[in-house]
Amino acid sequence: MMHFNLAFLSRFVKTEICMKILVCVSNVPDTTTKITFNSDNTQFNTSGVQYILNPYDEIALARAIELSEGDKDTVTVIHVGESSSEPTIRKALAIGADDAVRINAAPRDAYFVSYQIAQYAKTNGFDLILTGRESIDYNGSQVAAMLGEFLDIPSITIIKKLDVEGNTALVEREIEGGKEMLKVGFPFVASCAEGVAEPKIPNMRGIMSARTKPLQVLEASEVEKLVTFKLYTTPAPRGSVTMLTAEETEKLVNLLHTEARVI
């Protein structure tokens, strides 16, 4: 009979840690789309609007895929939106996510969206939740922080770098006058900015496989409505430009004081 020293053998066996990553994605108007509102400026006019995957969310998704390459880690994308947003979700699957979840509801505000995502995340045990730094339509930068509160886990906003070493992550973010380096254990939430990863372009294989990857549709949970949008306004049109010569410094100072009111 052969006897094995398990403590000795364990030194030569690599402990395999499988990480579950959840990436939150938004369906946003293309930046080239002309934005208009209805006659009383209380509702966004979606007619003729071309929607895309939020660029900052693409960065988060790209890093999640990089972290999962070569391992048994899984990447799930989640979106709060109606059925019209499914082409955007399929693009995320084509880029490399393993599966997707759509919460079937209009994303009325950040609180509502965060609550829906948190309800799903609570019952599925994710190690890492990534978002973009903001959506390019509302620019609120609220979802990551709200998710951290709902799930009672750390949240780190607007990160520039993310690496994983064993059971901890090394995170870098910019602060006034320098950089902040953080070490955090799992699970946690982070919102990603430029520099975390380069967005990935789906290849033909990814596009074909996206058609058969799982897309689960769940109904939204009831949550109190805390925000109401009263009115939308578009930026004021650009005014006329006043050209001055290099010798007209006195006139320049006067205009800065009386018209621009910056001095």
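**Helices, cores and loops**

Modeller: The crossing of α2 and α3 is right-handed, where right-handed means that the near helix is turned clockwise from the far one by less than a right angle, and left-handed means anticlockwise. Helices (H or I, at least four residues) and strands (E, at least two) are DSSP runs, numbered from the N terminus. Please keep in mind that this is a predicted model, in which local features need pLDDT of at least 70 and side-chain atom pairs count only at pLDDT 80 or more, whereas totals for chains, interfaces and linings use all residues. Residues are numbered from 1 along each chain as its sequence is written, and side-chain values use heavy atoms, with hydrogens and water left out.

Biologist: At what angle do the axes of α2 and α3 cross?

Modeller: An axis is a line fitted to C-alpha atoms, for helices over the stretch in contact, and the angle runs from 0 to 180 degrees between N-to-C directions. Here the axes of α2 (residues 55-68) and α3 (residues 86-95) cross at roughly 30° and come within 10 Å. α2 is therefore roughly parallel to α3, given that angles under 35 degrees count as roughly parallel, over 145 as roughly antiparallel, 65 to 115 as roughly perpendicular and the rest as oblique.

Biologist: Which residues of α2 and α3 meet?

Modeller: Contact means heavy atoms within 4.5 Å, and by that test Glu58, Leu61 and Ile65 of α2 meet Lys91, Ala92 and Ile95 of α3. Sorted by class, this contact has four nonpolar, no polar and two charged residues; Ala, Val, Leu, Ile, Met, Phe, Trp, Tyr, Cys and Pro count as nonpolar, Asp, Glu, Lys and Arg as charged, and the others, Gly among them, as polar.

Biologist: How far apart are the axes of α4 and α5, and at what angle do these helices pack?

Modeller: Helix α4 (residues 110-122) and helix α5 (residues 143-151) have axes 9 Å apart and pack at an angle of about 45°, which makes α4 oblique to α5. Their crossing is right-handed. The residues that meet include Tyr111 and Ile117 from α4, with Met146 and Phe150 from α5, and the contact has 12 nonpolar, one polar and one charged residues.

Biologist: Which residues touch the most other members of the largest nonpolar core?

Modeller: In soluble globular proteins, nonpolar side chains tend to be buried together. A nonpolar core is a set of buried Ala, Val, Leu, Ile, Met, Phe, Trp, Tyr and Cys residues joined through side-chain atoms within 4.5 Å, and buried means under 20% relative accessible area, exposed over 50%, partly exposed in between (1.4 Å probe, protein chains only). Of the 35 residues in the largest core, those touching the most other members are Ile21, Val23, Leu61, Val77, Leu130, Leu162 and Phe188. Elements that each supply at least two residues include β1 (20-24), β4 (74-81) and β6 (128-132), while α2 gives the most, with seven residues. A second, separate core has 22 residues, among them Phe112, Phe126, Ala144 and Val223.

Biologist: Is threonine 131 buried or exposed?

Modeller: Threonine 131, in strand β6, is buried, because its relative accessibility is 4%. Beyond its neighbours up to four places away in sequence, threonine 131 touches residues including Cys24, Asp57 and Ala190.

Biologist: Where does threonine 33 lie?

Modeller: Threonine 33 sits in the loop between β2 (27-29) and β3 (51-53), and with a relative accessible area of 14% threonine 33 is buried too. Aspartate 30 lies in the loop between β2 and β3 as well, and its C-alpha atom is 9.0 Å from that of isoleucine 136, 106 residues apart along the chain.
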